[in-house]
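Open the viewer and keep the selection tool at hand. The tour goes from one selection to the next.

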Amino acid sequence: MAAPAKNTDPTEARIAHLTLPRGGWSEAARADALARLRSTGLPARRDEYWKFTRPDLLTQPVAPSAAIFHSDEAPIFGDTAALRIVFDDGVFNAEASDDLALDHVKIERLADTDADIHWAQGVYGVLETAGQTPVARPLAALNTAFASDGVLIHVTGAVPKPIHFVYNHRDEASDVILHHVIRMDKGADVTILENGPAAARFNKVMEVDIADGAAFHHVRAQGRDHERLAATHIFARLGAESTFKSFTLTVNGRLTRNDCVIELTGDDAIAHVAGACVGDGDFHHDDTVFVTHDAVACESRQVFKKVLRNGAVGVFQGKILVKAGAQKTDGYQISQSLLLDEDAQFLAKPELEIYADDVVCSHGSTSGAIDEDALFYLRARGVPASVATDLLTLAFLAEAVEEIEDEGLREVMVDRLEGWLERHRA
Amino acid sequence: MLTIKDLHVKLEEEDKQILKGVDLTVEAGKVHAIMGPNGSGKSTLSYVLSGRDGYEVTGGSAHLGDVDLLELEPEERAAAGLFLAFQYPVEIPGVGNMTFLRTAVNAQRKARGEEEMSAADFLKVIRARAKELQIDADMLKRPVNVGFSGGEKKRNEILQMAMLEPKMCILDETDSGLDVDAMKLVANGVNALRSEGRGFLVITHYQRLLDHIKPDLVHIMADGRIVKTGGPELALEVENNGYADILSEVA
């Protein structure tokens, strides 16, 4: 039986709603990205890495509207001294942002097409392109082609304070594509903070090129808007003895897909990627991680913890690829879920592919409920059931949160988790 | 202090009666011991009193002072002054021992309408109590019971007892898994807590713990009932002759 002919190709239908920015240094990269997108098409359910997460909401031509969430919590990282760069529905807000000047760093905007940003040409879309093999990431190609803005950061030394992206969501129908590029010179050191829901639908790419001996720290909190959608990608390339550490906190959100693609290309590099998410109800969170070891004696860690209840769904797809010659690799991967009731669901696909013979790689994935014995023990000492459950839940999340090196930032994350748990007691 | 009357308990999941009419009164300031063969219902009694899930009370009552224990949640029983030293203390990865104890102490104080203990006061008290039990600072910082030896776990139970200052302490086979030195240390900890206002119920298989924690009365439990009560000499009788004689005598 012949398949019925499609009236419209979904990829073309999506492209038809977008405008390709013209002119400037990024034009060629955008044209290439559009060609990549057309060659693979947008993700579909049949694709190997989209079996657990339905891509249709992320790929349909128009973003479904998402209500704006009003929180009485103080803005996250509000007390952290940082250089703030604010976007309202993806539009740069110069008034709310700090002056884009800081020692040892040059900050420009993608939308500023006249700027002399030759260095960015060597990175923009380049790491994304490399990250399309062996697994296609069409939403990232779409992003490179159509990104309306983003921040280009060239780090030349140790930056004195974090650079903080704030993504406000103001319009219920906003559909936003941002693309950041961070290039770090030898020995440079920077911390990037991100928070906010950004839009009804947010597609974000961050490419991070880390030269030898440089250190990149990243802590983000994805916004609390219940109905928001987000598809984000991080593409990182690490030189010798460099460090990459990224942590993501996700509370709420109808659909979140976070891809992290890391390539260890220099010896003795370290890459840690971690995430803690908590979901109650209409919540689907997908962490898809791909770490490639292509150098000697590198260390990678993937630590993902999910707390789910009331129909929430968590997905983890994590791969460690150790290429031939990447001897003395130390790879670790753990993905765990705490299911607070019988309606929650966790789907995990850990993968190891190893072509070197002198490596240590371990992985584990578990799914479970609150430990009844531990709960009774705490209660028998006088701790009320709700407090005991929160204590055990935070303990479960601790391994992921502890991946954040900075104690102050770690506490910010724990505070937010405590607040969420208190608000979402059974 | 603790008054148990005609307590009947069955397992929730299966139709199996474990306690078949337990009568027991422990007065303030007294130490009572319960001995008995395996499966006689000793541990069940401790779990039912502390409020563990999985048991159904089919008859009788249990009061701590005027408080009807069986009506309360486990945390409410604890706040009312009941403490169970577990036979198998639970390991809780990710929760620091100190955080756990401070949360417990203050939760109980809050439940009783008392003022919470400040961090500084708490630290002062716990350091002193820990020292008496030879619990070092490292053990206080580590996650609750994780990686503790058998002896360390039991000492940690006694430390919790000392910090929570309960009215009624139940020790469920606290001697199991302890060598002689560790048992002495634990017994000294318990003896230090003996006072006029506090009752103890010591559940044990063996008489040797009772050499160190001297009981006022010894009860023999068999098949879900207390079948014989006597002075400390009853424990010696068990030690020398086993349970068989006593059981045939009361049968």
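Start with K153(B). This lysine counts as buried, because its relative accessibility is 16% and the cut-off for buried is under 20%. Bear in mind that the model is predicted.

K153(B) and E91(B) form a salt bridge, with the closest N and O atoms 3.0 Å apart.

How does the radius of gyration of chain B compare with that of a compact globule? For 251 residues such a globule would have a radius near 18 Å, and chain B agrees, with 18 Å. Colour chain B by accessibility next: buried residues make up 53% of its 251 residues.

Move to chain A and select R109(A) with D149(A). Their side chains meet in a salt bridge, 2.9 Å from N to O. This pair links distant parts of the chain, 40 residues apart. R109(A) belongs to strand β4 (residues 105–109) of chain A, while D149(A) lies in the loop between α6 (138–146) and β5 (151–155) of chain A. R109(A), with a relative accessible area of 22%, is partly exposed.

Next, pick E108(A) and K106(A). They form a salt bridge too, and the closest N and O atoms are 3.4 Å apart. E108(A) counts as buried at 14% relative accessibility. K106(A) counts as partly exposed at 47%.

Then select E73(A), R224(A), R416(A) and R423(A) together. A network of salt bridges links these four residues. Over all chains, a search of the whole structure finds 37 salt bridges.

Select D371(A), E372(A), E12(B), E13(B), E14(B), D15(B) and D53(B): they form a negative surface patch. One of them, E372(A), is in helix α7 (residues 372–380) of chain A.

Terms used
Residues are numbered from 1 along each chain as its sequence is written. Chains are lettered from A and ligands numbered from 1 in the order in which they are written. This is a predicted model: local features need pLDDT of at least 70, side-chain atom pairs count only at pLDDT 80 or more; totals for chains, interfaces and linings use all residues. Side-chain values use heavy atoms; hydrogens and water are left out. Patches are made of residues with over 30% relative accessible area and no salt bridge: like charges are joined within 9 Å, nonpolar side chains (Val, Leu, Ile, Met, Phe, Trp, Tyr) within 5 Å. Accessible areas come from the Shrake-Rupley method with a 1.4 Å probe; for residues, only the protein chains shown count as cover. Lys and Arg count as positive and Asp and Glu as negative; His and the chain ends are not counted. The place of a charge is taken as NZ of Lys, CZ of Arg, CG of Asp or CD of Glu. Helices (H or I, at least four residues) and strands (E, at least two) are DSSP runs, numbered from the N terminus. The radius of gyration is taken over C-alpha atoms; the globule rule is 2.2 Å times the number of residues to the power 0.38. Buried means under 20% relative accessible area, exposed over 50%, partly exposed in between (1.4 Å probe, protein chains only).
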